[in-house]
Amino acid sequence: MPKRRLSERQIERIRTIQERRRERLAARTDAVLAESDAESEPQEGRVVVRHGANLAVEDDKGQIVHCLSRQNIGHPVCGDRVVWQVTGEGQGVVTAIQPRTTLLSRPDFNGRDKPLAANLTRLVILIAPEPAPSGYLVDQYLVAAELMGVEAMIVGNKMDLLDADAQVAFKTQFSHYAAIGYETHWVSLREPESLGQLIARLARETSILVGQSGVGKSSLVKALLPDREIQIGRLSKATGLGRHTTSAATCYRLSGDGSLIDSPGVRSFRLGAIDRDGLHRGFREFKPHIGQCRFTDCDHAHEPDCAIREAVESGSIAPERLANFHHLLGLKQPTG
């Protein structure tokens, strides 16, 4: 069933209601801070859970504190480094967000960027034989990673669904990504030993898993986090969020001093508006050829003396990558 479109009046009413709620939250937060010890020493920590106005902040000693956030500092997200002050036993208020090194976001229904997770170092793109993978979606994730400045890797899950010949064909379908420098891993949860190399590559990284629905993201998270229920219980006890902890963006501890952010916000993902120059930066193998076309505003479609199309013809650029570049540029509609 198609979604019902909201009228301008309905959208404005929703915005008014949301603004009132934000004002009430700001008043509540300021009242809490005013009642607290104004002389309490500011501390630094990391947001490990965000659920609405509730934040779980982990301090440098590994203790979890339930915090509210001052409205005028912006919107903290999972992974943010923040400054906070004690307001009571196990309670605090976030008073500042530290500068972010990276930020994953997506456009909201108004077209404005909505932050999802901060300070990532690795984007793990999950694909599987079923449902059929979308190269167009994979390339959106890769463009986002390039523009953020984080390393991306592609993980093929559910490989046990394929026989030996089908596995070779499936891996070949994505071989052009390895050729341009993206790590690829092939795993099956029915073969735990296949996870060893992936787990090692996530050590000392702050990672997030992304991928289309049905690729086994939740199952892989559980496999990577054998103590996940213990971590959830610890967070729930410290914050009082209870069952909401599992439905909120959450940063878990991985073995090897790594972190894994599990966010429901990445279940459906799309890039916001990006111009041609931004897309050029998002396709890493285009870089040596940028500026070599006859026309400076070349779309690499039908223009003569196009260096990008010549690279496709010579095998330096995969034709499906150029096709997805055109889709993202709006020259064609994506076909999957």
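On a 1 Å grid over the protein atoms alone, a cavity is a set of points where a 1.4 Å probe fits but cannot get out, and lining residues have an atom within 4 Å of a point. Grid points are joined across faces, edges and corners, and a volume is the space filled by probe spheres set on the points. The model is predicted: local features need pLDDT of at least 70 and side-chain atom pairs pLDDT 80 or more, while totals for chains, interfaces and linings use all residues. Residues are numbered from 1 along each chain as its sequence is written, and side-chain values use heavy atoms, without hydrogens or water.

**Cavities**
- Two cavities of 30 Å³ or more are present, and the largest cavity holds about 80 Å³ of space.
- The largest cavity is lined by Arg 46, Val 48, Glu 58, Ile 64, Gln 231, Arg 234, Leu 235, Cys 251, Tyr 252, Arg 253 and Ser 259.
- Strand S1 (43-51), helix H7 (228-239) and strand S12 (249-254) each give two or more residues to this lining; helices (H or I, at least four residues) and strands (E, at least two) are DSSP runs, numbered from the N terminus.
- By residue class, the lining of the largest cavity has five nonpolar, two polar and four charged residues. Ala, Val, Leu, Ile, Met, Phe, Trp, Tyr, Cys and Pro count as nonpolar, Asp, Glu, Lys and Arg as charged, and the others, Gly among them, as polar.

**Helix H9**
- Ala 307, Ile 308, Ala 311 and Val 312 of helix H9 (residues 307-314) are buried, where buried means under 20% relative accessible area, exposed over 50% and partly exposed in between (1.4 Å probe, protein chains only).
- H10 is included in what covers the buried residues of H9, contact meaning heavy atoms within 4.5 Å.
- Gly 315 follows H9 and has a positive phi, near 95°.

**His 326**
- His 326 is in helix H10 (residues 319-329) and is buried, with a relative accessible area of 7%.
- The His 326 side chain reaches the backbone oxygen of Asp 299 at 3.0 Å.

**Totals**
- The protein has ten helices and 13 strands.
- Of its 336 residues, 46% count as buried.
- Among contacts between residues at least 6 apart in sequence, 66% join residues at least 24 apart.

Note on methods. A polar contact is a pair of N or O atoms within 3.5 Å; within protein, one must be able to donate a hydrogen and the other to accept it, and residues adjacent in sequence count only if both atoms are side-chain atoms. On a 1 Å grid over the protein atoms alone, a cavity is a set of points where a 1.4 Å probe fits but cannot get out, and a pocket is an open set with protein on both sides within 12 Å along at least five of seven lines; lining residues have an atom within 4 Å of a point.
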